[in-house]
Structure formats: structure tokens, C-alpha cells
Amino acid sequence: AAAVAVMATLGPQGSGPGVTCDELYHVGVGKRVGTALRHQGSGFFSLENVKRNFHWDPKGPPVHPPLGNWVLGWTHYLFDPAPDNPNVVSIAAARFAPALAFGLLVAVVGLAVLRSDGPLAGSVAAAAVALVPRVFGHAHLAALDTLTALFFVAAVLAMIEADRRGRRLWMFAIAGVVWGLAMLVRLHGLLILPPVVVWLVWRLRWRAALPVLVWGASGAATFFLGWPWLWHSTLAHFKQYLGTATGRAALHVYYAGRVWDDCDAPWHYPLVMFAVTVPLGLLVLGLAGAWAKRRGWRADPGYLLVMGTLVWMLAVFAWPGTPVYDGVRLFLMVFPLWAVSVGAGARWAVEHPAWRSVSPRLRVAALAVFLLLQGVGLVVHHPCQLSHYSLLTGGLSGAEKLGFEVTYWGDTVREPLLAEAARWSPGRPLLFGPNLAPFQAPAVAVSSPALIEGEVSVVGWDPARAQDAADCRLAVVYHRKADLNRIEPL
């Protein structure tokens, strides 16, 4: 149901969000590599072709492991009218991949909590993933964020399942494969290592050595085998990959009423952003779950790993010097992890003796109504859920007054606005900004039927090349305050 809800609102030309900054890049890379594999066959894995197919320009976007782009590219291939033409890209087609990943994420979390806390808690946990507007919004976008969240959370839950099912070594090996897949999507997968190792040592003491070894070896092998770029000059390439976390130009983030470089944002940025973007009721239920589990670590050790990983991820992005930007998308996985606690809190609330005189059916009905109210933000902000803020800030208008970013990725630039621009300036270029990357403005152009029909090209605003805007009659500007000052002279 969650996946269908996203699929029904995917298209940037219809009821979906506008095209965002990274989508054309990721879909384009996925299509290029998929096309190379189809044409090259087994030769795809030769040294010469690996260098060509996985070429990384140090001056270009940071390198990412291939799995996320592969998923987007092969999903795109299913709907591609010109699979051998690299210039034909349909972002809407590739968006089916994160929609399906979102549905799987909801199911994985719900089933895991069902096993530990029962069907009511599992159902509420699943709903708690689906009802977070920011998570729902990212599920529409052909980028890596939803896929990262899915594989990251699956890797954590797979380790819990291996422990729960008897701690056989082959089970830890399977959990390691899932971890390897998480690393193949994004650098975030590496961050699973510390909390899992600490948790296993806490669980097994000295007997944790062999499970950790099996899990780690399985994950490392999966990561290595799944990325041909690492097959040659392995250590040098891996070191180069690790450097992409910080070795790039600074991005800007607007927070607390001012603009920061991504490495200089206040340490409390991820904590505050998490707190003000979870629907308030889900935040309260999650805290109730933590209270209910406060003395049950031994009875439900998996919950400790989930919450420990959540705290670890927030701590990583709160650490001084860690780049953090673009709302909550870099730590999107904390929301489904929080949903585990929401499920536990719902069970605690329904079973609380304070209303033992009320029938169980009425308790569940009251909980269902409460959950439905948490979905109001999905409707109110549709299809721009990336701008959602909870009642803690007084909603979006209150968040703006408090100095939060109201929109950051271009999803608010939708077809009705572009159609109006095409009507006012047919046949002439349209200026677009803030233009965060070279592929953002072209993505807007190729995804808008009105601009294509009106033969309107899109020029991304670049302060260093202001002459490119000379022929533009109109400009489309979205309100990303982090970079708005660069185009204010217009």
C-alpha cells in the first residue's frame, strides 16, 4: 500500500514532486553502466572496460558504489523507449525503484517488530515508516536516499535475526551479505560496523570473535565483488573512495537563521532536524517505547542494537567537522529505526493499566485514529513533503520564522509553474536557480512537457558565467536560503 501510494504520485509532469538536483545524474549513470553491460557482455569486467565504465572525474560529482545507480538504471530500462541512446532519460520511469524500496522498507520494519513485539506493534511500526512526510517524499525521488535507508535498516535487522535464530555462522554470513549490499549503495553502509561489533561483543563476550569475523568477511567480500572498480588498485581506490566523504567543495546549509558551510554546521543540527521533522505523535510514541523498554534490554536485545545504531548515526553527523546538509536526507535511516520504538510505544500505550476498563477494541480504535492524524502532514504538504516540519515548530510557517530551510532540492519547482513560464517566454531560454549542479537545470528541461513543447531551454544560474543569462526573459527561483544570496542580484 505504501509503494502504491508513492507510485500513484510519481510523475513530475503530474501529481508528483518536481525534479530534484541529483536525479538526472544517478539515473544517467545507471543507464550508462547498464547499457555498457548489455553491449560488452563478459568483456564488461575487463580491466580496460572497468576503467572506462567506472571512470571517476576528481573534478566531478563524488564517486558512489554501483548498486543504487544499477537499481535506478535497470528500472529505467524497463520503460526506456531508446535504451541505447544516452541522451534519452526518463526520471519518472526510474522513480519506480525508490517507490518499491519504500514499500520494502515499510514491510521489513513491520515484520521485524511483529516478531519482537507482536502484530499490533508491527503494524504501528510499519505505519510509522510510511507516515513520516520526509521519508514518503524521498520515496518519490530517483536518488540514493531511500535505497540507502532500505539496505542500511535491512542490514541492522538481519544481524538481529541471525542472533535470534540460533547464532549459526551461516546466518551471520547472510547478515554480512546484506551489510555488503548496504555498503554497495552508499558510504553510509560502512557506519554499521561499530554498533554491530559493540553489540555482538556485549551479547557474546569473547565468543563474538568468530561471528564478527564471518559477518565482516562476508560483507567485505560482497562489497568487493559487487564493485569492479575495486578489483584493480584496490587499496588506492578504496582510499580514494573514503576521501569523497570530505574531500570536495563545501556545500551550504541554512540553519538557525544563517548560512553555514556543511562542515561548520552546529553539532545539534541533526538532532534538532530529526526532532522537528518526525510527526509529533510518532515522536511521543517512540519516547514511550524507549520508556517501556528501559529495563528490558536482556529480553529484547535487538531493540538495543536498533536504538544504539540510531544514536550512533545522529552522533556521527553531530560530530564537529562532519558534512551535513539538505535537511535530513543524509541520515534518513534514523526514521525507520525510530519506527521500531514507535511500535513498542504503541503496544505499551494500548496495554497500559490506566485504561484497563476500556475494551481492547476501543483502545486499538483510539490508537488507529491517533495514527491517522499523524498522516495529516502527508496530505497538507503534498507533493512537496521535503518541506514538512512538525507541530514542534508550528508547521512550515513556524519553521521559517525560527530560521529553518523551507525548501532545498528543487522539488517545489513543478510543472504548473514551468508551464506558466513557457507560456510567458516561448522559444526563449529560462533562467533557473539556485542551480546546485551542472545536471540540475538540464533535468528540469527534459522532464517538463510544457518546456519541451514551447522549445524553452533552461539555463542554470552560475555567478561565474552571468553572460549565459543575457537572453533569458524570465527566471524560476526556488527558495533555498542556503544559496539564495548567490542569485539575489537578479
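## A tour of charged side chains

Select R329 to begin: this arginine is buried, with a relative accessible area of 5%, where buried means under 20% relative accessible area, exposed over 50% and partly exposed in between (1.4 Å probe, protein chains only). The model is predicted, so that local features need pLDDT of at least 70 and side-chain atom pairs count only at pLDDT 80 or more, while totals for chains, interfaces and linings use all residues. Residues are numbered from 1 along each chain as its sequence is written, and side-chain values use heavy atoms, with hydrogens and water left out.

Now extend the selection to D22, D145, R186, R480 and D483, which salt bridges with shared partners join, together with D326 and R329, into one network.

Within that selection, centre on D145 and R186, which form a salt bridge with the closest N and O atoms 2.8 Å apart. D145 lies in helix α9 (residues 145-164) and R186 in the loop between α10 (169-185) and α11 (193-204), so the pair ties together parts that are 41 residues apart in sequence; helices (H or I, at least four residues) and strands (E, at least two) are DSSP runs, numbered from the N terminus. D145 counts as buried at 3% relative accessibility, and R186 counts as buried at 8%.

E48 counts as exposed, at 56% relative accessibility, whereas R52 is partly exposed, with a relative accessible area of 44%. A search of the whole structure finds 22 salt bridges.

Finish at R414, in the loop between α20 (395-401) and α21 (415-424). Which side chain of opposite charge is nearest to R414? It is D411, 8.1 Å away, and R414 is buried yet has no salt bridge; for charge, Lys and Arg count as positive and Asp and Glu as negative, while His and the chain ends are not counted. To see the surroundings, select G14, S15, G16, G18, P383 and C384, with which R414 is in contact once its neighbours within four places in sequence are left aside, contact meaning heavy atoms within 4.5 Å.

Technical notes. Salt bridge = Lys/Arg side-chain N within 4 Å of Asp/Glu carboxyl O.
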